Amino acid sequence: MNSRRITPYGFFISVYNQRYMKKNSVSLLSLSIILLISLSACGQKGQEQPAATAAAATPTEEPMAVRVNGSGITIEEFQNEQLRLKDAQAITGEVLSEEEQVDLILSELVGQVLLAQSANSEGYFVDEATLQAHMDELIAQVGGSEQFMAWLQTNHYDESSFRQTLSRQLAAAWMRDKIIASVPTSTEQVHARQILVGDRATADSLYQQLQTGSDFATLANRYDALTGGELGWFPRGYLYLKAIEDAAFALNAGQYSAVIESEYGYHIVQVMERSENQPLSTEALHVLQEQAVQDWIDAQWASSTIEVLV
């Protein structure tokens with residue numbers, strides 16, 4: 001067994017930074033997953049039913065890449081995911097090392113399995129009729145059976161493996177949707193802006209000017225004429241830089257922080273308004289929903305039996 005720790009990157013999501021906010025991007029591996037789910041489900045249909053009696057085990061188990069609470073992901077599936085990931089990298093130009101590829105693939109597959117297992121434990125199963133309905137919809141959307149079979153071959157599937165993958169993804173999506181539905185649409189937030197400069201001496205000088213009565217908005221506009229340093233309303237867990245977020249939530253309306261150093265420069269943050277129950281923007285709600293799914297997967301990962309065999 002490979003003892004290298006595989007990091008649970010998250011399910012259906014990856015996060016990158018832009019102006020210190022968490023934005024949404026799609027991991028290379030998840031690209032095909034999101035495509036399949038979006039094409040095949042406008043709303044998750046399936047059956048909530050008692051668990052069926054497990055089929056008799058085959059005499060010889062297929063070679064496994066990883067087992068999650070006893071359920072296996074085969075070497076063949078893992079290798080085909082590697083091929084799909086390499087195809088995606090060729091399109092996007094993103095280059096991952098071999099170790100990064102292995103970690104990403106295993107993390108995504110384990111995330112899917114954990115979500116699907118939980119959906120099953122709560123009584124949700126993708127029955128054959130539902131699965132076939134999604135298959136038929138996909139076939140129609142790509143232009144017919146011949147085109148669909150060509151798509152499967154191009155993307156390193158056969159019909160059997162694709163049906164198995166789609167079934168797992170649909171169950172995982174059902175559980176994902178249940179998790180994100182629990183995230184409230186309003187919460188404590190602050191409305192803040194910042195002054196951001198590239199060197200400490202300038203930042204210290206600006207801080208001294210603020211202490212002697214200079215107007216924060218005027219100074220912020222001097223260094224960011226486009227937005228005036230506007231950070232908008234945001235909840236805890238939204239900003240990419242935790243130090244900026246922590247500083248903002250420690251301030252009352254009208255107050256500003258000391259100079260904060262980050263990888264992007266030197267910040268001074270001012271809170272303009274606070275609210276104990278401010279409605280979340282669409283973007284902020286999506287970020288918190290993503291984080292809720294990530295936190296759920298991390299917790300499940302920590303409490304599950306996961307054997308990595310590659």
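**View 1. The largest nonpolar core in this predicted model.** This core has 63 residues, and if you're looking for the ones that touch the most other members, pick out Val66, Phe162 and Phe234. Helix H3 gives the most to this core, with 11 residues. There's also a second, separate core of 11 residues, and among its members are Phe216, Leu219, Tyr266 and Ile268.

**View 2. Phe234 and the residues around it.** Skip the neighbours within four places in sequence and see what else Phe234 is in contact with: Glu188, Gln189, Val190 and Ala192, plus Leu239, Glu245, Ala248 and Phe249.

**View 3. Helix H3, residues 98–121.** H3 is mostly covered, with 19 of its 24 residues buried. After the helix comes Gly123, which has a positive phi near 95°.

**View 4. Strand S4 and its hairpin with S5.** S4 takes in residues 64–68, and five of its five residues are buried. Strand S5 (residues 71–74) pairs with S4 in the antiparallel sense, over four bridges. One of the pairs to spot is Val68 with its bridge partner Ser71 in S5. Two residues sit between the strands of this hairpin, and Asn69 in the turn has a positive phi of about 50°.

**View 5. S4 meets strand S11.** S4 also runs antiparallel to S11 (residues 306–308), and three bridges join them. Look for Val68 again: in S11, Ile306 stands opposite Val68.

Terms used: Residues are numbered from 1 along each chain as its sequence is written. This is a predicted model: local features need pLDDT of at least 70, side-chain atom pairs count only at pLDDT 80 or more; totals for chains, interfaces and linings use all residues. Side-chain values use heavy atoms; hydrogens and water are left out. The expected span of a helix is 1.5 Å times one less than its number of residues. Buried means under 20% relative accessible area, exposed over 50%, partly exposed in between (1.4 Å probe, protein chains only). A nonpolar core is a set of buried Ala, Val, Leu, Ile, Met, Phe, Trp, Tyr and Cys residues joined through side-chain atoms within 4.5 Å. Contact means heavy atoms within 4.5 Å. Two strands pair if DSSP finds at least two bridges between them.
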